[in-house]
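Grab a pencil and have a look at this one. The exercises below come with worked solutions.

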Amino acid sequence: MAFFNASTRLAGLSLNAAFAYLTACGLQLSGVPVVYFACKAGMSRCVLGTDRDDYRNPPPCKSCTAQAERLFGHAPTVWFSYSEVEDLAQQLEDLDIERLSAFEYRFPINSHERDMPLGRLALPSLRWALRRHHLQDDEGTRFLFRQYVLSAHRVAEEFARFLAQVEPSTAVIFNGIMYPEAAARWVAQQMGIRVVTHEVGFRPFSAFFSEDQATAYPIHIPEDFELTDEQNIQLDAYLKQRFQGEFTMAGIRFWPEMRGLDDDFNKQAEGFRQIVPVFTNVVYDTSQVHANTIFPHMFAWLDLLLDLIRGHPETLFVIRAHPDEMRPGTAKQSRQSVQMWVEKHQVAALPNVVFIEPQEYLSSYELIQRARFVMVYNSSIGLEAALLGAPVLCGGKARYTQYPIVFFPDSQQAYRQQAEDFLDCPDALEIPAEYRRNARRFMYYQLFRASLPFGEYLENHPRPGFVQLRRFPWIQLLPERSETMRVLVDGILHGQPFLLDEK
């Protein structure tokens, strides 16, 4: 069994690094041979090691390698280092951002050459690292893009050699979107080797594993599945906490407090016929790879929204920036944000707009309860609004649009028409009965079936966003002692669904 997760951490232990480590240990204890593929200064610029202020600064390879040696010491490890292909470097030298994004390069696989989409594989990582969707076509950005492409090629070269040497039945890889893992996933698929990816789950210290791209969270729910009374009680207890802001994602609690709608807001709202909350997302997040199907990006959706705002002065639009746009105390602040878009277009100056900044802890749920309908791009609040019985108009593909839960038109024209119809309708909006049913089914599945708990092995580190191992007997990683490990062993070895048993 092969493991590769170079983009999960540098010196500390993140959730995804811990998930891979514990999964590998559990497989070993079950008698399954495990081999790591690991970076030893193998990329000229890596995603987590990118210096956004000076792209030419190299990544912190020494401390990262030292951490990898500690994590991977329990299993054989094949290390790779960096080497540049001169012909490839020359082809990249004079390309602008547009041509770099579409760049392909002939890559040998099993005695055949195939066009490897290096530009497409590297682009999401560049957007993530630079915290923006629209990339500036300057020398610094072009330099970093070239280094990502060159490094992705190096990963692919070495991973192909590694797979040919080890011949694993399955490669377990972190999310498959960051360019090192994306390149490795592409190579494995070209060689006919099964790939399992993983991401953070939806409960504290939980993981999501999939044979597809884990960042899309593909979840199969049987058509005849209905929640029992006990399951409804379990879900309602979770939602009660969630609606009070008591939840974390990837170890981060976004809402240290949550306040209700105040008198000033209520007085302003009295002057309008209806309220429409608008929930945005973080534009550089890897979820956007899957989201941009109707619109090319979230800002195109916002531009359409601006037309609707100007055309409907009777409606109060409350635009809420995602709290992770300006996560305090971290380097994750967006460099192309909704707040910047609002300032550029002077949206907050419009009389029928209230803009909620990222660090304003206003209750989204009170807004939803007052809403005529809710507009989202692809954030989680769309699913929660559907659970609360609100009509939801979704602009981007989300994990919950796999099922009929929200209104999700198939074109920009259809989206605009649906929004106009909702805004102009004099009567109460009708929601198909199946929407709320599907919302509860999906929420239950993603929380209590598809999110595999690792809490008995992990606890928070004093540094926000990182974890550390609890003290536990290693026997607890055996599948007969842990339902999580049983699901992982059955899923990785035998292709069973990565789902907990129904309770």
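This is a predicted model: local features need pLDDT of at least 70, side-chain atom pairs count only at pLDDT 80 or more; totals for chains, interfaces and linings use all residues.

Residues are numbered from 1 along each chain as its sequence is written, and side-chain values use heavy atoms, with hydrogens and water left out.

**Exercise 1.** Work out which residues of helix 11 meet helix 15.

*Solution.* 
- Step 1: find helix 11 at residues 298–311 and helix 15 at residues 412–424; helices here are DSSP runs (H or I, at least four residues).
- Step 2: list the contacts (heavy atoms within 4.5 Å). W301, L304, D307 and L308 in helix 11 touch Q412, Y415, R416, A419, E420 and L423 in helix 15.
- Step 3: sort them by type, and you get six nonpolar, one polar and three charged.

**Exercise 2.** Explain what the salt bridge between R416 and D307 ties together.

*Solution.* 
- Step 1: check the pair. The R416 and D307 side chains form a salt bridge at 3.5 Å, N to O; the term asks for a side-chain nitrogen of Lys or Arg within 4 Å of a carboxyl oxygen of Asp or Glu.
- Step 2: R416 sits in helix 15 and D307 in helix 11, so the bridge joins parts that are 109 residues apart in sequence.
- Step 3: look at accessibility. R416 is partly exposed at 31% relative accessible area, and D307 is partly exposed too, at 40% (buried is under 20%, exposed over 50%, partly exposed in between, with a 1.4 Å probe and protein chains only).

Definitions and conventions: Axes are lines fitted to C-alpha atoms, for helices over the stretch in contact, and angles run from 0 to 180 degrees between N-to-C directions. Helices (H or I, at least four residues) and strands (E, at least two) are DSSP runs, numbered from the N terminus. Ala, Val, Leu, Ile, Met, Phe, Trp, Tyr, Cys and Pro count as nonpolar, Asp, Glu, Lys and Arg as charged, and the others, Gly among them, as polar.
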